[in-house]
Amino acid sequence: MRRGTNLPWVGDYNQAVVLDGIRRHPGTSRTELAGASGLTQQTVSNIVRRLLERGLVQEGDDRAPAPEPAPAPVRAAVRVAGKPRTALSVRPGAVVAAGLQLDREHLDAVLLDLRGGLLGSGREPLPDPQAPVELVVAHAAGLVRRLLEEAELQGLEPQAVRGLGVAVPGPIDFAGPVRSSAINLPGWRGVAIADLLAEALGLPVLVENDATAGAVGDLWRSARTGRSFLHVHVGAGIGGGIVLRDEVVRGRSGNAGEIGHVVVDPRGPACPCGSRGCLEAVAAPAAVVRRYVERVGPPAARRAGLRLAGRSVIEDHDLLGVRAACGDAHAAAVLEEAAADIARVVLGVVNVLDVGEVVLAGSGLRSGAQRVLSAVERHLAVAMTREVHRVAVRVSDAGEQAGAHGAAAAVLHESLSATWATVHHPVRGVVISPVAPVH
Ligand SMILES: [Zn+2]
């Protein structure tokens with residue numbers, strides 16, 4: 001876990017360190033927290049008392065199955081003789097956040113408690129990729145509202161809900177009211193998404209790039225520290241979320257990681273970003289379906305079962321996965337080419353950033369995650385660091401809803417942690433931007 005500091009003016013930071021330690025290591029004790037954080041036993045005891053008073057923490061070994069492989073408890077550095085060890089855990093229902101992920105064809109929403117437990121989830125198809133923004137916002141607000149109402153029927157206290165995190169494709173303008181201009185959502189330019197959803201739901205709203213949200217969620221769920229990884233999101237578009245030594249890399253404007261706009265074929269198809277042959281334009285689900293249709297012709301594609309309608313891209317892409325498994329050589333070829341293009345760009349990013357893990361997620365991997373995973377592993381065989389350390393490749397444990405999970409986790413993290421610099425818009429929402437702790 002992170003190290004605390006015993007300087008007097010950083011109490012909030014220490015509180016966040018202790019709370020995070022208890023959350024990541026359920027069943028830990030005050031002594032173990034002191035040993036792992038470097039804080040004095042007295043400081044930890046004072047912080048734990050405050051957390052107990054606020055109802056964020058409870059005593060007793062209330063371990064629940066963790067979303068990741070069960071974390072090892074923090075090892076005690078010292079033991080206080082004669083004092084019984086009291087296990088600590090977070091009170092899961094004390095703080096809850098909603099997460100929403102916008103994609104071209106559907107919306108995903110989840111409700112997470114403080115322990116990362118899933119209180120509810122849902123998916124809503126969008127009526128039309130050309131749907132006006134107001135309609136998309138109405139659908140999104142309705143989906144989140146339904147999840148909250150269902151959870152309240154199960155005992156959720158409304159005041160525990162800290163806010164809504166929204167994962168949207170980039171780019172996002174975080175200066176002033178948060179504006180989304182997702183280039184793979186038609187007509188989606190300068191949309192004040194935080195304002196619109198905050199107004200519709202009466203909740204603080206935090207906006208995050210979808211791939212970065214996926215990375216934040218992975219970081220939040222993990223009991224390990226010192227992680228450096230690339231989170232690859234394959235939805236309607238392709239994006240990357242970057243974490244180096246547990247810090248989310250955001251770049252100059254919060255838009256780092258746009259691996260979907262690395263050019264892989266200069267003579268390739270035009271990309272909505274204005275360039276040509278971007279990874280997204282050749283390997284995202286719509287590009288794969290288009291390439292298949294070009295090879296076999298529209299009549300044969302329809303006979304193969306493809307709908308080729310504006311809102312059926314993901315279903316058509318899934319069907320190509322099924323057909324490839326059943327011996328359709330053209331389907332296998334276009335999927336293999338896309339996987340290789342993704343893998344080539346991932347190799348480049350791994351070489352540039354020296355990460356130790358690659359995490360794959362998104363609805364575009366529904367039927368082809370293994371194919372992409374294998375391609376990435378093959379390409380990483382020539383990674384520059386191959387003789388220094390292994391680069392692990394895996395599919396996100398949050399699956400297709402990784403962005404929604406991450407957006408909710410970002411709200412939980414932001415609302416409890418003093419380690420992230422925050423810019424609060426009381427009504428409009430909250431923009432997060434993690435920075436190194438103050439020393
Ligand atoms: Zn592009």
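Donors here are N, O and S atoms within 2.8 Å of the metal. With that settled, here are the close-ups, all from a predicted model.

View 1. Along the sequence, the zinc ion's donor residues follow the pattern H-x9-C-x1-C-x4-C. His261 coordinates through ND1, while Cys271, Cys273 and Cys278 each use SG, at 2.0 to 2.3 Å. Angles between the four donor atoms run from 105 to 119 degrees, so the arrangement is tetrahedral. For reference, the ideal angle for four tetrahedral donors is 109.5 degrees.

View 2. His261 has 23% relative accessibility, so it counts as partly exposed. Cys271 comes in at 6%, so it counts as buried; the cut-off for buried is under 20%.

**View 3. The largest nonpolar core.** This core has 44 residues, and Leu320, Val358 and Leu380 have the most contacts inside it. H11 supplies the largest share, twelve residues.

**View 4. Zooming in on Val358.** Leaving aside residues up to four places away in sequence, Val358 touches Leu230, Val232, Val346, Val350, Val376, Leu380, Val391, Ala392, Val393 and Arg394.

**View 5. The largest pocket.** There's about 310 Å³ of space in this pocket. Its lining is made by 21 residues, and Asn184, Ala236, Glu280, Ala284 and Ala286 are the closest to the pocket's centre. H7, H8 and H10 each supply at least two lining residues, with H8 giving the most, four residues.

**View 6. Stepping back to the protein chain.** The chain has 13 helices and 16 strands. Of its 439 residues, 56% count as buried. Take the contacts between residues at least 6 apart in sequence, and 65% of them join residues at least 24 apart.

Note on methods
Residues are numbered from 1 along each chain as its sequence is written. This is a predicted model: local features need pLDDT of at least 70, side-chain atom pairs count only at pLDDT 80 or more; totals for chains, interfaces and linings use all residues. Side-chain values use heavy atoms; hydrogens and water are left out. Donors are N, O and S atoms within 2.8 Å of the metal (3.2 Å for Na, K and Ca); water is not among the atoms, so sites may look incomplete. Four donors count as tetrahedral if all angles lie between 85 and 135 degrees; four count as square planar and six as octahedral if opposite donors are over 155 degrees apart and all others between 65 and 115; anything else is irregular. Buried means under 20% relative accessible area, exposed over 50%, partly exposed in between (1.4 Å probe, protein chains only). A nonpolar core is a set of buried Ala, Val, Leu, Ile, Met, Phe, Trp, Tyr and Cys residues joined through side-chain atoms within 4.5 Å. Contact means heavy atoms within 4.5 Å. On a 1 Å grid over the protein atoms alone, a cavity is a set of points where a 1.4 Å probe fits but cannot get out, and a pocket is an open set with protein on both sides within 12 Å along at least five of seven lines; lining residues have an atom within 4 Å of a point. Grid points are joined across faces, edges and corners, and a volume is the space filled by probe spheres set on the points.
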